[in-house]
Amino acid sequence: PGPFALSERDALEAFFTGAGLEVAHVADVDCTFAYPDTTTAVKALSSAGPVIRVAEHDGWDAVRADINSFLTGHVRPDGTYAIHNPFRYAMSTPVA
């Protein structure tokens with residue numbers, strides 16, 4: 001189903017129910033990935049497993065080009081980068 005299969009609240013709750021758990025709380029939290037410069041940002045973003053697999057298929061030059069393109073939308077006036085990522089989490093209790 002992919003890494004985002006449980007991103008939607010209904011899917012997450014169904015997963016918990018299927019495991020015999022009752023959802024007590026679901027919330028989103030904003031996380032900012034901040035990088036001081038392009039070199040650091042590219043190195044960090046290119047270290048994830050799926051990105052490495054893409055590089056094995058398409059080459060590192062293509063990966064770096066895509067990351068640099070992505071970063072243009074996240075550069076701050078001082079030249080640093082901030083990528084805002086929301087993450088969803090859930091807490092549960094056993095069903096009695």
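I started with threonine 80, which sits in the loop between helix H4 (60-71) and strand S2 (81-94). Helices (H or I, at least four residues) and strands (E, at least two) are DSSP runs, numbered from the N terminus. This is a predicted model: local features need pLDDT of at least 70, side-chain atom pairs count only at pLDDT 80 or more, and totals for chains, interfaces and linings use all residues. Residues are numbered from 1 along each chain as its sequence is written, and side-chain values use heavy atoms, with hydrogens and water left out.

Is threonine 80 buried or exposed? I found threonine 80 buried, at a relative accessible area of 16%. (Buried is under 20%, exposed over 50%, partly exposed in between, with a 1.4 Å probe and protein chains only.) Its side chain makes a polar contact of 2.6 Å with the side chain of aspartate 78. (That is a pair of N or O atoms within 3.5 Å; within protein, one must be able to donate a hydrogen and the other to accept it, and residues adjacent in sequence count only if both atoms are side-chain atoms.) Setting aside neighbours within four places in sequence, threonine 80 contacts Tyr35, Pro36, His74 and Val75. Contact means heavy atoms within 4.5 Å.

Next I checked threonine 32, in strand S1 (residues 21-35). Threonine 32 is partly exposed, with a relative accessible area of 43%. Leaving out residues up to four places away in sequence, threonine 32 touches Arg76, Ala82, Ile83 and His84. With histidine 84, the side chain of threonine 32 forms a side-chain polar contact of 2.9 Å.
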